[in-house]
Amino acid sequence: MSIWIWVLILLVVTYFLSFVSSMVNYIAKTLLYALAFFITAVLHLIYCPFFPRNRDNTYVLAPIFYWLSYFVTGIKVEAEGIENLESYEGGYILASNHQSALDTMCIARIWPHRAIIMMKKSLMYVPFFGWAAYLSGHEFITRSSGGSSGVRDHMTQINERIRNECLRVVVFPEGTRNRDSDQMLPFKKGGFHMAQQSASPVVPVCISSVKNLYNKRNWVFCRGTLRVRVLKPIPTEGMKPEDVTALTERVQKLMQENIDELNKAI
């Protein structure tokens, strides 16, 4: 039987069971969302060998992942300020808040040209996902508490690519998922150091709260709408290393204000 028939059957079953059991609804939608990841990874493995390590591979395929996710979850992402992603022609740091697995479909909804994500090197060995990410030109970093020379050299190379290749790097400065609060976690400074060192702007991306639509602890996975707001680029040209702390605090304050606005409008 075709995989699409199984997907359709699972969608119908999920719809009816959602009226009976929130737990079954949550499990079924989680599996369907994972299936959207898998299908998109397979499409990457088919498409990317023709353009290996091309930084626009994900730009081509991200809309497919978004629409698959929308189809299986019933969650729509409304985006505003998308023009700010291309208002600056060079490279930049795209900084987004981080709440759940749904962040992926939100970022896919607005994915800009020439964008990559920096991720743990161990993810490169995850079947399908890691292979697809590698072929799409994403960067894998070995995390080191001591900041080894190899990691520093790798970061220097990425900074040079931001300047010379107009690369856009997606970061989640909270560092981990913030599931329990609408107030963001304290920002880590790594992405902002990259912005300062490469003299590239920071483009903040604000995602509204997902708690009413997706809550793992309470088995909630509902249909609905998430809102994403892309803010104007914040320049860093001329900044010194000692300015990074103020930059980090400024971006976090601005993002929190906009997230609060988005949440009030839901």
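Which helix holds His 44? In this predicted model, His 44 turns up in helix α2, which runs over residues 22-47. The residue is tucked away: its relative accessibility comes to 8%, and since anything under 20% is called buried, His 44 counts as buried. Leaving aside residues up to four places away in sequence, His 44 touches Pro 49, Asn 57, Thr 58, Leu 61, Ala 132 and Ser 136.

Helix α8 covers residues 244-264, 21 residues in total. At 1.5 Å a residue the helix should span 30 Å, and its end C-alpha atoms do sit 30 Å apart, so expectation and model agree. The buried residues of α8 are Val 244, Leu 247, Thr 248, Val 251, Gln 252, Met 255, Gln 256, Asn 258, Ile 259, Leu 262 and Asn 263. As background, an α-helix has 3.6 residues a turn, so residues three or four places apart point the same way. The buried residues of α8 pack against the strands β1 (75-80), β2 (92-96), β6 (202-207) and β9 (224-230), and against helix α7 (190-198).

Then there are two loop residues with a positive phi. Arg 114 has phi near 60° despite being a residue other than glycine; it lies in the loop between α4 (103-110) and β3 (115-120). Arg 114 counts as buried because its relative accessibility is 16%. Trp 219, again not a glycine, also has phi near 60°, and it lies in the loop linking β7 (214-215) and β8 (220-221). With a relative accessible area of 35%, Trp 219 is partly exposed.

Definitions and conventions: Residues are numbered from 1 along each chain as its sequence is written. This is a predicted model: local features need pLDDT of at least 70, side-chain atom pairs count only at pLDDT 80 or more; totals for chains, interfaces and linings use all residues. Side-chain values use heavy atoms; hydrogens and water are left out. Helices (H or I, at least four residues) and strands (E, at least two) are DSSP runs, numbered from the N terminus. Buried means under 20% relative accessible area, exposed over 50%, partly exposed in between (1.4 Å probe, protein chains only). Contact means heavy atoms within 4.5 Å. The expected span of a helix is 1.5 Å times one less than its number of residues.
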